[in-house]
Amino acid sequence: MRLRLTVEGGTGTGREYVLTGGTLTIGRDEGCGLRFDAGETEVSRRHAVVRGDESGFSLTDLRSTNGTRVNGRPVETVLLRPGDVIELGAGGPLLRVQVEESEAPGRVRPTAIETAFYHPAREKARRQSLMSLLVVLGMMGLGGFLGMLGALMTVFELGPAAALVGVTVALAPAPLYLGLWLWLDRYDPEPVAALAGSLVWGAGAATFVSGIANAVFGGVMRALTGREGLADLIAAGVGAPVVEEATKGLAVLVVFLVLRREFDGVLDGIVYAGVVALGFATVENVLYYGRVAAKEGTGALVAVFVLRGILGPFAHSVFTSMTGIGCGIARVSHNPAVRLLAPVLGYAAAVLLHSLWNVVAGLSGSLAGFLVLYAVVWAPLFFAFFVVVLWMGHRESRLIRRMLEPEVALGLVSREQADLAGSWPRRMGWLLSALGDGRRLAARRQFLHAVTRLALSYGHAERAALAGGETLSAGLIPRFRADVARLRAAV
């Protein structure tokens with residue numbers, strides 16, 4: 001079924017909103033899906049919410065100042081029926097309700113016996129889960145195999161002693177950088193297996209393929225130009241960015257296409273891209289550190305570590321995050337052109353930034369020159385990027401609280417639970433308070449996961465309703481609601 005709301009009265013007369021599932025919040029607040037102007041004072045900032053699930057569509061008043069009426073009668077929660085008229089406050093705007101069947105003509109609903117043994121949605125979910133597992137195992141297997149080949153080639157090139165120095169220096173700060181990157185997605189952590197597959201792909205497959213392609217491209221450029229310096233600059237400014245961002249971005253694209261239930265939006269795209277790129281950069285640094293240690297000694301190694309390990313540890317992650325942002329935009333958009341072009345434009349931006357980094361480093365001529373350019377160009381860029389990412393985390397926190405408002409009104413979660421779900425410090429404190437009680441700690445972790453996923457699914461469904469489209473997240477809402485209801489007594 002789909003619900004169609006038509007605004008009658010007020011500044012929004014004639015507007016229509018379609019809901020196939022999830023929630024649609026109504027009010028004057030800027031976060032509301034169906035928003036009225038500030039001058040329509042009969043409508044509260046957060047007045048009411050419409051929710052759709054397998055039982056139909058219901059309307060819940062969010063303790064509005066002037067109340068909500070359906071067919072002239074005050075309501076708190078009511079199941080909506082075709083022809084109902086919703087009144088937002090006495091004399092306020094009216095919303096006319098239409099409920100339409102969305103199933104294709106002639107479709108036969110399965111019987112109870114058929115449903116017990118076979119359910120298309122359930123079978124599809126199982127196939128998707130199996131496909132996701134196979135893809136993750138494939139990423140880890142191929143990435144690990146090529147990574148081992150790369151490791152053997154590194155030892156052969158550098159020798160055991162220099163290779164060991166490179167590995168030690170490169171791996172020492174890696175856990176800190178990985179922890180900082182994962183913290184960005186603290187409210188809805190991605191599956192460990194998917195992150196591990198992404199990390200192994202970046203460290204193994206992406207570095208191995210890129211290394212071979214870069215060597216071939218560099219050799220071709222030297223043969224064509226006859227000038228080693230110019231050839232190296234072209235290889236660094238053109239060949240390396242195109243190849244490396246493609247090999248890293250491929251992992252992000254695969255996760256985006258296969259693990260769509262876990263890939264919620266732009267922030268998830270940044271996290272997956274960052275993890276892939278961090279694996280790539282760590283292994284790449286092994287070569288740089290090992291070569292410098294073998295040829296120039298400890299002093300030069302320290303200088304390179306400052307450049308690559310302190311000033312530029314997130315350079316690769318920021319570059320590849322452009323591809324992740326493109327995939328994230330495609331995930332939340334319901335415009336076919338945007339969904340197609342956003343990943344392509346994201347990849348192009350990744351290549352451009354990567355090329356700029358390499359060219360600036362190549363033309364700086366000295367450490368002092370690079371530091372000046374870093375302070376003028378890259379430090380502001382990196383700072384702006386992380387400010388935007390931090391703002392996105394804050395925005396996700398607000399979204400979680402807002403999307404849980406209807407469930408607070410319906411009593412599925414308490415006000416305290418909704419507030420702590422949207423506050424990372426309170427979430428951590430709540431989990432830490434259960435240390436020593438393994439069963440309760442596990443229940444609280446599962447509860448936070450379910451309630452967060454429920455809120456984000458509501459958010460996807462709301463965006464789909466505003467765009468007049470549909471989203472697979474709407475079908476996950478009943479499952480997460482059931483998980484929250486099952487777990488709340490154990491937390």
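## Sheet and strand pairing

Two strands are taken to pair if DSSP finds at least two bridges between them. In this predicted model, strand E3 (residues 22-27) and strand E5 (residues 48-53) run antiparallel and are joined by five bridges. Within this pair, Ile26 lies opposite Ala48 of E5.

Both strands belong to an open sheet of five strands, ordered E4-E3-E5-E6-E9, in which the pairing is mixed. Strand E4 (34-35) and strand E9 (77-79) form the edges; each has a single partner strand, so one side of each is left without a neighbour in the sheet. Strands of a sheet pair through backbone hydrogen bonds, in either a parallel or an antiparallel manner.

One cavity of 30 Å³ or more is present in the structure. Two or more lining residues come from each of helix H3 (160-171), helix H4 (174-183), helix H7 (266-295) and helix H8 (298-311).

Helix H7 contributes the most to this lining, with five residues. By residue class, the lining of the largest cavity consists of 10 nonpolar residues, three polar and one charged.

## Buried side of helix H13

In helix H13 (residues 424-432), the buried residues are Arg427, Trp430 and Leu431. These residues are on the same side of H13 because they cover an arc of only 95° around the axis. An α-helix has 3.6 residues a turn, so residues three or four places apart point the same way.

Key. Residues are numbered from 1 along each chain as its sequence is written. This is a predicted model: local features need pLDDT of at least 70, side-chain atom pairs count only at pLDDT 80 or more; totals for chains, interfaces and linings use all residues. Side-chain values use heavy atoms; hydrogens and water are left out. On a 1 Å grid over the protein atoms alone, a cavity is a set of points where a 1.4 Å probe fits but cannot get out, and a pocket is an open set with protein on both sides within 12 Å along at least five of seven lines; lining residues have an atom within 4 Å of a point. Grid points are joined across faces, edges and corners, and a volume is the space filled by probe spheres set on the points. Helices (H or I, at least four residues) and strands (E, at least two) are DSSP runs, numbered from the N terminus. Ala, Val, Leu, Ile, Met, Phe, Trp, Tyr, Cys and Pro count as nonpolar, Asp, Glu, Lys and Arg as charged, and the others, Gly among them, as polar. Buried means under 20% relative accessible area, exposed over 50%, partly exposed in between (1.4 Å probe, protein chains only). The arc is that of the directions from the helix axis to the C-beta atoms.
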